[in-house]
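Look at the picture first, then read the points.

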Amino acid sequence: MFYSEKSVGITDSMPCGASEGNDVGETTGALRQASHEGHGIMNPLRVLVLEDSLIIAMEAEDILRLAGVDGIDIVCGLEQARAAIAAEKYDFALLDVNLGEGMSFGFARHLLDVGIPFGFVSGYSDIRDFPCDLQHIPLLVKPFDETAMREFLQRLVPAAA
C-alpha cells in the first residue's frame, strides 16, 4: 500500500459535504453495523486514492473500508499515481484536485483514456473553475463524512453500490 494524503466531498453541480454539527462517529457506527450485517455499500473493489494530505487520505481509507472496499492504494503525487495504474488494475479512483505539485486534471484525462472511473475530491465546491471537459465528473467536497462519501460512491460506481 502506498501512503500519501487525500480529501473528499461530493457534487456534480451542487456541493455536498459534512453538515455542520454532524458527528462523524454516528455515521461511522451505522456504516460499521451495515457492513457487519452483510450490507456493505460496495462489493469488494480496488481503489486508487490520490491525495497529498496523509490525514485526509487515512480518513478516506477508513470510510472506504466501512463501505466495503477491500483494496485501497493511497498515493501522494502524480508520478506515484501513474506508476500505480501501470502496475495494478483499479475499479475506480479518487483524485484530490489541488496537489502540492499541481492540479490532477491531466491525470484525470488519462484515467478517462484508459477507462478507469474516478471522482474529484476538493475543498472547493465550484466546478465552474474546472476545465469544461471535466465539469461532469462527480466531486466530493472537503470536509466530508461517511454519509457524503457513501452518496459520492453511489454516484461514482452505481453498479457496485
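Helices α2 and α5 are roughly perpendicular to each other (a label for angles of 65 to 115 degrees). Their axes cross at roughly 65 degrees and come within 10 Å. Axes are lines fitted to C-alpha atoms, for helices over the stretch in contact, and angles run from 0 to 180 degrees between N-to-C directions. The model is predicted: local features need pLDDT of at least 70, side-chain atom pairs count only at pLDDT 80 or more, and totals for chains, interfaces and linings use all residues. Residues are numbered from 1 along each chain as its sequence is written, and side-chain values use heavy atoms, without hydrogens or water.

- From α2, the contact (heavy atoms within 4.5 Å) involves Glu 59, Ala 60, Ile 63, Leu 64 and Leu 66.
- From α5, Glu 146, Met 149 and Leu 153 take part.

**The sheet**
- Helices (H or I, at least four residues) and strands (E, at least two) are DSSP runs, numbered from the N terminus.
- An open sheet holds 5 strands in the order β2-β1-β3-β6-β7, with parallel pairing (two strands pair if DSSP finds at least two bridges between them).
- β2 (71–75) and β7 (139–141) are at the edges with a single partner strand each, so one side of each has no neighbour in the sheet.
- The twist averages 20 degrees from one strand to the next.
- Strand β1 (residues 46–50) is joined to β2 by 5 bridges.
- Leu 48 is opposite Asp 73 in β2.

**Helices on the sheet**
- α2 (residues 54–66) lies across β1, β2 and β3 (92–96), at about 170 degrees to β2.
- α4 (residues 105–114) touches β1, β3 and β6 (118–122), at about 165 degrees to β6.

Conventions: Angles under 35 degrees count as roughly parallel, over 145 as roughly antiparallel, 65 to 115 as roughly perpendicular and the rest as oblique.
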